[in-house]
Amino acid sequence: MSERTMARQVLLFVCLLSLNSVLGQVSYSIPEEMQKGSFVGNIAQDLGLDLKRLKSGKARIYTGDSTEYIELNKERGVLLIKERIDREALCGQTTPCALHFQITLENPMEFYSVTVEIVDINDNSPSFKRTEMQFKISESAVAGAKFVLERAVDSDVGVNGLQSYSLNPTDNFSLKIQNQADGNKIVEMILQKALDREKQEQLSLILTALDGGDPRLSGTAQIYITVLDANDNAPVFTQEVYKATTIENAIKGTIVATVSASDADKGSNGEIIYSITSTHDTMPEMFEINMSTGEVKVAGNIDFEKARHYQIHVQATDDGGLTDSCKIALDVIDINDNTPLINIMSKLNIISEDAKEETVVTMINVQDPDSGENGQVHCSLNSNVPFTLKSATNNFFSLVTDSDLDREKESGYNISIMCSDEGSPSLSSSVTLSLQISDVNDNAPVFERSSYEASLSENNTPGLSIFTVKARDTDWNQNARVSYILQDSSVNGVSVSSYVSVSADSGVIHAVRSFDYEQIKDFNFRVIAQDGGSPPLSSNVSVKIVIQDQNDNAPQVLYPVQTGGSVVAEMVPRSAEVGYLVTKVVAVDVDSGQNAWLSYKLQKATDRALFEVGLQNGEIRTVRQVTDKDAVKQKLTVVVEDNGQPSRSATVNINVAVADSFPEVLSEFTDFTHDKDYNDNLTFYLVLALAVVSFLFIVSIIAILSVKCYRWRRERMFYKSGANLPVIPYYPPLYADVGGTGTLQHVYNYEVCRTTDSRKSDLKHMRPTQSIISLDTNGTQTLTLAQREKLIRDDFEDQQKPPNTDWRFTQNQRPGPSGHYLFQSSPPRWTSSRRLRAAATPEVAVGTGPWPNPPTEAEQLQALMAAANEVSEATNTLGPGTMGLSTRYSPQFTLQHVPDYRQNVYIPGSTATLTANPQQPQQALPPPQVSAAQPEPPKAQTPASKKKSTKKEKK
């Protein structure tokens with residue numbers, strides 16, 4: 001075939017392509033035997049598809065079970081030759097020969113039918129199955145005798161197929177070709193000239209078969225003729241064409257037809273032999289003939305799907321070589337012997353649960369090679385699946401969704417598709433598709449409970465696990481991964497994250513701090529459960545934490561108030577009856593429940609038979625009548641205990657004065673001292689003392705070295721300077737030269753001290769502008785009598801110079817008995833250090849004038865005796881019970897609550913009262929003043945000190 005002819009064929013099919021593309025089909029025409037990779041057609045352009053669509057839709061060629069000769073180039077959108085195409089092997093003698101396949105696309109699913117016609121080329125020359133043919137012809141054969149020759153076979157079709165025969169030489173014979181209705185040709189050799197065995201016994205001819213290709217191809221066969229003696233009658237068949245039918249898959253040996261021929265000759269010349277002369281390659285294998293009877297039997301496997309019709313050529317030959325031929329037309333009857341074949345063209349393995357209805361899941365093609373009803377197929381699905389089958393075209397089906405999908409109800413489906421034909425009996429086949437439903441985050445986490453409540457004991461350890469909240473998400477994988485978050489809120493103005501925390505993965509709630517029931521009893525917050533989807537879904541739940549009380553607080557005593565610097569005392573008259581209410585201990589416990597139930601017990605008492613404490617109310621009452629034998633000083637220790645496990649307690653010390661008058665209480669009051677425990681601070685004091693001593697030692701060494709160095713330098717200077725030293729005037733201590741005026745720069749004031757009893761004696765020097773009478777029960781700055789006398793003598797010796805002759809002072813300026821000695825006009829009061837102090841007022845200056853000589857000891861004693869007489873005269877003004885203990889249940893009782901005795905000074909241990917100014921009206925007590933010096937711990941008394949105290953008291 002020329003290139004021009006081929007170009008015309010391609011142009012013709014391109015025109016057909018333009019028409020078919022509108023109908024969704026594309027047809028191409030290509031010659032056979034094209035090289036691999038040869039261009040077939042631009043499928044993208046012809047179908048009107050974009051190259052991006054071919055890529056995104058994963059375009060591919062579906063050919064079923066057939067060999068894939070054509071491939072798709074998605075980058076260029078063209079069809080190319082994948083395998084060499086042999087039209088003869090593909091279609092045989094069938095015309096036209098075409099390849100049918102589909103191009104499938106996904107997302108959405110589509111397919112297009114493509115037909116590629118394979119055009120024959122002249123690539124096969126005619127050939128004879130037998131290259132040699134032998135004939136025995138009687139010499140008596142008349143002209144016009146026919147001899148059937150074996151036909152040549154040409155696999156090509158059309159003009160490229162077998163076209164003509166030629167015989168050479170043609171001296172005795174010629175060729176006659178008869179065209180039959182089925183397109184086949186019968187080649188006969190005609191005797192034109194009688195044979196003469198005597199002239200030529202053997203003849204040799206060449207039969208040539210020619211096709212119509214360009215260039216023309218040919219095939220030859222050699223004919224050998226043996227001239228026989230005369231046989232003048234040839235066999236004759238009863239019919240030229242025999243018609244017969246048989247079913248496919250017929251058993252071998254089944255008789256399909258019987259042919260019969262007769263010969264008028266007798267003897268050996270009348271014996272007929274039958275043979276099949278069909279030149280089809282498969283014919284001898286499919287059928288066989290009995291040479292004597294002419295019965296044609298099945299010798300191979302007859303398949304209706306491969307061949308529906310057969311033509312069998314039978315030849316009858318007598319012994320003289322004369323022949324006749326006939327044809328058997330055999331039709332094959334189809335039986336339902338093929339099950340439907342289900343081919344998956346395209347399918348999805350995973351589909352989202354939010355897919356819309358009628359979403360294509362799978363496309364299938366069902367083929368049944370049978371014909372008629374045996375080839376008609378219908379398909380169905382198993383029940384209870386949200387899918388349905390829709391028929392797209394003949395034997396093409398689409399599996400689509402017909403309802404909503406829910407992965408939480410069904411995570412996957414096994415879809416069984418059954419296809420059956422309408423034959424009898426019906427044949428069917430099935431296929432199972434596995435389809436997984438992909439999850440969509442359409443479910444929020446759900447807590448196991450609508451609200452949570454947990455209890456936690458106070459004083460817990462920070463980081464303690466309280467309990468766990470749990471939420472579940474019916475989604476899958478990341479969408480079901482729940483994380484827990486503490487919702488931002490505040491509790492009493494404080495962020496809840498400072499109270500608790502929640503584990504993001506496990507939901508365990510931990511306490512961030514240690515809780516105190518007395519500060520917070522319960523609190524509420526919310527926990528959010530959020531999944532890992534996109535976008536995430538969440539839910540929240542209310543959580544209440546209840547703090548449980550523990551007995552972690554000891555009772556607190558509200559009354560009487562315990563202070564370190566004051567003495568708390570309750571006064572009981574000696575006339576008190578049984579059940580007399582002395583005082584009441586008031587205590588509270590900040591705990592709750594039975595941890596706050598308080599009970600009162602008397603732990604220690606000076607006289608346990610005199611007082612009792614109410615177990616529930618804490619009232620202290622007398623058990624019996626108070627007598628004169630009962631001590632004035634009574635000390636009670638009351639224990640307040642709660643009902644917790646273990647219980648906690650607090651103690652309170654109560655000083656009770658059994659007396660009818662205030663002076664009686666005052667005389668004994670200084671004996672009430674608070675017990676102080678110095679053992680706890682002993683180590684601290686020892687270390688501090690050691691550090692101070694070490695520091696003083698080092699300073700002393702440095703000072704001594706400095707003084708020696710200084711003296712050494714002065715001596716050196718003295719020796720160097722000789723007699724040129726200045727005269728330095730000498731001034732005694734506490735005196736100064738004021739330029740000859742004769743006055744003193746300093747003012748002397750003396751403090752008169754009196755002990756409260758015979759055991760202590762105080763002597764204090766205060767500032768020059770203040771005179772203080774101090775009663776120190778702790779023994780602070782206490783001097784013995786010998787020390788005080790020595791100190792007075794030293795003061796006398798310090799007066800080395802006589803007073804100036806120009807000194808002048810009035811009688812009011814002189815102290816002691818020779819002047820107007822004034823005690824303080826301020827009333828006495830008790831301070832936190834239990835010291836009775838009389839402070840000077842700015843109106844009265846004590847000893848403000850010049851002081852040439854200090855008073856003698858006799859003058860001091862004389863002044864004290866005068867003061868004692870004045871106190872004795874004023875004692876009668878005091879009645880019993882003037883101590884003023886009126887507020888029994890006040891928070892604290894001290895001697896600050898006594899009546900205003902501003903005009904009187906009481907000297908403990910004596911019945912005298914010192915009166916400073918009887919005409920001055922009484923005023924309210926001034927506020928307490930803190931002592932300038934810190935009290936030191938009292939020194940232990942020795943027998944010697946007791947004796948000195950006794951002597952002093954007598955004195």
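Author: A disulfide is taken here as a pair of cysteine sulfur atoms within 2.5 Å. The model under discussion is a predicted one.

Reader: How many disulfides does a search of the whole structure find?

Author: The pair formed by cysteine 91 and cysteine 97 has its sulfur atoms 1.7 Å apart. For cysteine 379 and cysteine 419, the sulfur atoms are 2.0 Å apart. Over the whole structure, the number of disulfides found is two.

Reader: What is the pairing when the bonded cysteines of the chain are numbered in sequence order?

Author: Cysteine 91 forms a disulfide with cysteine 97, and cysteine 379 forms one with cysteine 419. Numbered in sequence order, the bonded cysteines of the chain therefore pair as 1-2, 3-4.

Reader: Is the link of cysteine 91 and cysteine 97 right-handed or left-handed?

Author: The angle about the S-S bond is 65° in the link of cysteine 91 and cysteine 97. With this value, the link is right-handed.

Reader: Is cysteine 91 buried or exposed?

Author: The relative accessible area of cysteine 91 is 19%. Buried means under 20%, so cysteine 91 counts as buried.

Reader: Which strands hold cysteine 379 and cysteine 419?

Author: Cysteine 379 and cysteine 419 form a disulfide with 105° about the S-S bond, a right-handed link. This pair links distant parts of the chain, 40 residues apart. Both cysteine 379 and cysteine 419 are buried. Cysteine 379 lies in strand β27 (residues 377-381), and cysteine 419 in strand β30.

Reader: Turning to charged side chains, which residues are linked with Arg87 in a network of salt bridges?

Author: Arginine 87 forms a salt bridge with glutamate 88, with 3.7 Å between the closest N and O atoms. Aspartate 120 also forms a salt bridge with arginine 87, and here the closest N and O atoms are 3.3 Å apart. The residues linked with Arg87 in the network are Glu88 and Asp120.

Reader: Where in the chain is aspartate 120, given that its pair with arginine 87 links distant parts?

Author: Aspartate 120 forms a salt bridge with arginine 87. The two residues are 33 residues apart, and arginine 87 is in helix α4 (residues 87-91). Aspartate 120 itself is in the loop between β7 (110-119) and β8 (132-138).

Reader: Are arginine 87 and aspartate 120 buried or exposed?

Author: The relative accessibility is 1% for arginine 87 and 7% for aspartate 120. The cut-off for a buried residue is under 20%. Arginine 87 and aspartate 120 therefore both count as buried.

Reader: Which strands are joined by the salt bridge of lysine 601 with glutamate 641?

Author: The closest N and O atoms of lysine 601 and glutamate 641 are 3.6 Å apart. The pair links distant parts of the chain, 40 residues apart. Lysine 601 lies in strand β47 (residues 598-605), and glutamate 641 in strand β50 (residues 633-642).

Reader: How do lysine 601 and glutamate 641 count in terms of accessibility?

Author: Lysine 601 has a relative accessibility of 44%, and glutamate 641 has 22%.

Reader: What is the omega of the cis peptide bond from tyrosine 559 to proline 560?

Author: Proline 560 is placed in the loop between β43 (556-559) and β44 (569-572). The peptide bond from tyrosine 559 to proline 560 is cis, with omega near -5°.

Reader: What is the phi of asparagine 492?

Author: Most residues other than glycine have a negative phi. Asparagine 492, in the loop between β37 (490-491) and β38 (494-495), has a positive value. At 62% relative accessibility, asparagine 492 counts as exposed. Its phi is near 55°.

Note on methods:
Residues numbered from 1 in each chain as written. Predicted model: local features only at pLDDT ≥ 70, side-chain atom pairs only at ≥ 80, totals over all residues. Heavy atoms only, no water. Salt bridge = Lys/Arg side-chain N within 4 Å of Asp/Glu carboxyl O. Helix = DSSP H or I, 4+ residues; strand = E, 2+ residues; numbered from the N terminus. Buried < 20%, exposed > 50% of the residue type's maximum accessible area, 1.4 Å probe, protein only.
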